[in-house]
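Student: Could you walk me through this structure step by step? I would like to know what to look at and how each term is defined.

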Amino acid sequence: MSDVIIDVREVPKPQRHPQIFGAFDGLAVGDAVILVNDHDPIPLHNQFADRHPGGFAWDYLVREPGDFRIRISKTLDAPVPRVLGNSADAVAGGEAGVAWKLDLDDRPLDANIITLAPGGGIGEHVGGEVDVLIHVLDGTGVVGTQTGPVPVAVGDLLWLPKHSRRSFSAGDGGLSYLTVHTHREPTLTITPR
């Protein structure tokens, strides 16, 4: 076992958490980061709990005013599966927009729940550099394609190939759907109408 010591007292604040997580992510199970700080980093603990639930141990070595030393050890080699939310709860309000999104750092996957108001929609656009899987969660609607409309209803799974033309129109009861695709930096802003 080997521990990495990181004294963040002289590290600029925007660089602290990325440096700590970068070091932690490179550890083997059983190894640790020894964090030296001038205060109790409770927000950092909360971020570890979100990113690595059950996968780290947080042990105070020194806990005195102006001097905190914490051993953050890796207890698992990968994050554990967990419930992130409930799609029925996310679509229950029926308000248009993004009802839920996968909000984890350093992930290779993006997922969102989009809700369109009754009669609302998203105008025609060309998809980005990734394929997208759509799962209809609530309501009905139509997905516009280059070869014509595709009616959709609860339970339907659609594949939107990268660079394909598409539009979305909600039926009388609105439309809510889950999108899943590999992570990419946003290049297109799509606004429900």
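Tutor: What follows is a short talk about a sheet, some aromatic rings and one serine.
Tutor: This is a predicted model, in which local features need pLDDT of at least 70 and side-chain atom pairs count only at pLDDT 80 or more, while totals for chains, interfaces and linings use all residues. Residues are numbered from 1 along each chain as its sequence is written, and side-chain values use heavy atoms, with hydrogens and water left out.

Student: In what order do the four strands of the open sheet come?

Tutor: The order is E1-E2-E4-E3, with mixed pairing. Strands (E, at least two residues) and helices (H or I, at least four) are DSSP runs numbered from the N terminus, and two strands pair if DSSP finds at least two bridges between them.

Student: And which strands stand at the edges?

Tutor: Strand E1 (3-7) and strand E3 (56-64) do, and each has a single partner strand, so one side of each is left without a neighbour in the sheet. From one strand to the next, the twist averages 15 degrees.

Student: How many bridges join E1 to E2?

Tutor: Five bridges join E1 to strand E2 (residues 32-37), and the two run parallel; Val-4, for example, has Val-33 in E2 as its bridge partner.

Student: Which strands does helix H1 touch?

Tutor: Helix H1 (residues 13-25) packs on the sheet and touches E1, E2, E3 and strand E4 (67-74), where contact means heavy atoms within 4.5 Å. The direction of H1 makes about 160 degrees with that of E2, and such angles run from 0 to 180 degrees between N-to-C directions, with axes as lines fitted to C-alpha atoms, for helices over the stretch in contact. Helix H2 (residues 42-51) also packs on the sheet, touching E2, E3 and E4, and its direction makes about 170 degrees with that of E3.

Student: Changing topic, how many aromatic pairs are there?

Tutor: A search of the whole structure finds six. Rings of Phe, Tyr and Trp (its six-membered ring) pair if their centres lie within 6.5 Å, and planes under 30 degrees apart count as stacked, over 60 as edge-to-face and the rest as tilted. The rings of Phe-168 and Tyr-177 have centres 4.9 Å apart and planes at 15 degrees, so this pair is stacked.

Student: Is Phe-168 buried or exposed?

Tutor: Phe-168 counts as buried at 5% relative accessibility, and Tyr-177 counts as buried at 3%. Buried means under 20% relative accessible area, exposed over 50% and partly exposed in between (1.4 Å probe, protein chains only).

Student: Which residues form the aromatic cluster?

Tutor: Phe-21, Phe-24, Phe-48, Phe-56, Trp-58 and Tyr-60 form one cluster. The charged end of Arg-51 sits over the ring of Phe-21, 4.0 Å from its centre, and that of Arg-63 sits over the ring of Tyr-60, 3.9 Å from its centre. For this, NZ of Lys or CZ of Arg must be within 6 Å of the ring centre and within 35 degrees of the ring normal.

Student: Finally, where is Ser-164?

Tutor: Ser-164 is in the loop between strand E10 (157-160) and strand E11 (165-182), and it is buried, with a relative accessible area of 15%.

Student: Which residues is Ser-164 in contact with?

Tutor: Leaving aside its neighbours within four places in sequence, Ser-164 is in contact with His-125, Val-126 and Gly-127. The C-alpha atoms of Ser-164 and Phe-21 are separated by 37 Å.
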